[in-house]
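Colleague: I am new to this structure and would like to learn how to read it. Could we go through a few features together?

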Amino acid sequence: IVRNIQDGRKGLGLEISDRIRVEIQSDLTDELLEYICNETLSDLCVLDDCDLSLEVTSNDNVATIKIKK
């Protein structure tokens, strides 16, 4: 999931150091969500609109990820 978010960031023309906002809809634990946010320099929030939406499968879990600059 971290790699997918970083690839999405790159696709939006953002630098690895730019902070982003993400919404992650999944059954992931709070600890894992916190790890993902720390690794991707992102703030977890609910987004009404987004710049990019991804569907990712990891360990048989499907996550919908929205990214906003």
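Colleague: Is L41 buried, exposed or partly exposed?

Modeller: Buried means under 20% relative accessible area, exposed means over 50%, and partly exposed is in between (1.4 Å probe, protein chains only). L41 has 31% relative accessibility, so L41 counts as partly exposed. This is a predicted model, where local features need pLDDT of at least 70, side-chain atom pairs count only at pLDDT 80 or more, and totals for chains, interfaces and linings use all residues. Residues are numbered from 1 along each chain as its sequence is written, and side-chain values use heavy atoms, with hydrogens and water left out.

Colleague: Where does L41 lie?

Modeller: Helices (H or I, at least four residues) and strands (E, at least two) are DSSP runs, numbered from the N terminus. L41 lies in the loop between α2 and β2 (42-44). Although L41 is not a glycine, its phi is positive, about 50 degrees.

Colleague: And where is N59, and is N59 buried or exposed?

Modeller: N59 sits in the loop between β3 (52-58) and β4. N59 is exposed, because its relative accessible area is 70%. N59 is not a glycine either, yet has a positive phi of about 50 degrees.

Colleague: Which side chain does K68 join in a polar contact?

Modeller: A polar contact is a pair of N or O atoms within 3.5 Å; within protein, one must be able to donate a hydrogen and the other to accept it, and residues adjacent in sequence count only if both atoms are side-chain atoms. Here the side chains of K68 and D49 are joined by one of 3.4 Å. K68 belongs to strand β4 (residues 61-68), and is buried because its relative accessible area is 18%.
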